[in-house]
Amino acid sequence: MRRITWAEYTALDVAQRIPFLAKDAAAEHEPFHVLYAQQFTRQMLDELCALADHIRRLHKTPEGAAFLQTLLPNRAALNLFAQPSTRTFMSFQAAEMRLGMQITDIRDMATSSQAKGESLQNSVRTFSSYVDLMVMRHPDRGAAELAAYEMNMAERRIPVINGGSGQDQHPTQALLDIYTLQKALDEIDGKKIAMVGDLLRGRTVRSLSYLMKNYKGVELFYVAPDRLRIGDDIKAFLKRQHIRYSELDNLEEIVPVVDAIYMTRIQWEWDKAAGATVGGEGQYDPRFVFRREYLDRMKKKSCLMHPLPKINEIDPELDYIEDPRIVYWRQERNGMWIRAALIARIFDVDKKIFSCRT
Ligand code: CP
């Protein structure tokens, strides 16, 4: 791996950074650090989905689950979550357990030596002395990137997986979203997908939008309040990739048209952090709420998704309706399997898993 300074590295665009995130120069597109959705090709996505299916099938039997436990018993994972998380944290932990890894975590940076003034860079070097994988969620944009850069410079290079950084990206959420879309719709090529809610600060919609470059003939519908519209950087990316998209301010009109509806929560916490007085947590603009009756207007073969957590943007009655199109609970479980697949691939045990027919 060519060594460059942080200033040189950050002057590169994402495409130029990708080789620095690879396992080695011989496989310069194979992710080692996972920071960006743009690191994934169609072939990788298809292989990861197939691997996730294989892992979940194996795990159904005691023999298969025992085999999975033999894969990475000498590897330890650190789940460093410096920002609240339920499902990313728990699904990574569960994925690591399924593969027989040892697990440790930090959920409050005030308990680490950063509270004494140690830099993030020095902290992550220290972590690499003890563990073999670092999964990281951090409120600061670029924190996972800085950790990955530091690992490239360290004596012991361990992979860093971005579990959500600032308002930037959440690439493994996008992997589980792709896995869920594929399972629900059979294929993603040619599909119409609506993303609804806080599209400006929602890092899941950003990462999922980037992954759409891998699918042919997809059309995107971004439905958001004016102040929370999808970012110009994403729109510029879609234009470059010739992906059709439109922006709307009402969900209702496109419910019967689309194949997937991806709801998201309004992220009030960013307003609060910016000092705004926020009084609307319990109120939602009805134009961005999925109402009970919309289910009757959705296509027969379609799906309702949400990265979760949700607040009021989906009628709570839907949690109690049995309908194969309501997939958001399955979606979060899919996260465990696709994250297990990703870790297995990073540690080169994917072929061993595929060859196991227990
Ligand atoms: N979807 C998601 O990232 O959920 P958590 O914040 O609970 O991890």
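Mentor: With a definition: a polar contact is a pair of N or O atoms within 3.5 Å. Keep in mind that the model is predicted.

Trainee: Which backbone atom lies 2.9 Å from a nitrogen atom of the ligand?

Mentor: The cut-off for a polar contact is 3.5 Å. A nitrogen atom of the ligand is 2.9 Å from a backbone atom, and that atom is an N or O of Pro307.

Trainee: Which side chain has an N or O atom 2.6 Å from an oxygen atom of the ligand?

Mentor: Side chains also reach oxygen atoms of the ligand. For His170, a polar side-chain atom is 3.0 Å from a ligand oxygen. The distance of 2.6 Å belongs to the side chain of Ser85.

Trainee: How much of the ligand does the protein bury?

Mentor: The ligand sits in the largest pocket. Taken alone, the ligand exposes 250 Å², and the part of this buried by the protein is 90%.

Trainee: How many residues in the shell around the ligand are polar?

Mentor: The residues surrounding the ligand include Thr86, Arg87, Gln173 and Leu308. By class, the shell has 2 nonpolar and 2 charged residues, and its polar residues number 5.

Trainee: What separates the centres of domain 1 and domain 2?

Mentor: Domain 1 covers 6-169 + 335-355, and domain 2 covers 171-334. Each of them gives at least three residues to the shell around the ligand. Taken over C-alpha atoms, the separation of their centres is 25 Å.

Note on methods: Residues are numbered from 1 along each chain as its sequence is written. This is a predicted model: local features need pLDDT of at least 70, side-chain atom pairs count only at pLDDT 80 or more; totals for chains, interfaces and linings use all residues. Side-chain values use heavy atoms; hydrogens and water are left out. A residue is near a molecule or strand if one of its heavy atoms lies within 4 Å of it. A polar contact is a pair of N or O atoms within 3.5 Å; within protein, one must be able to donate a hydrogen and the other to accept it, and residues adjacent in sequence count only if both atoms are side-chain atoms. Accessible areas come from the Shrake-Rupley method with a 1.4 Å probe; for residues, only the protein chains shown count as cover. On a 1 Å grid over the protein atoms alone, a cavity is a set of points where a 1.4 Å probe fits but cannot get out, and a pocket is an open set with protein on both sides within 12 Å along at least five of seven lines; lining residues have an atom within 4 Å of a point. A molecule sits in a cavity or pocket if more than half of its atoms lie within 2 Å of its grid points. Ala, Val, Leu, Ile, Met, Phe, Trp, Tyr, Cys and Pro count as nonpolar, Asp, Glu, Lys and Arg as charged, and the others, Gly among them, as polar. Domain bounds come from an automatic or database domain assignment.
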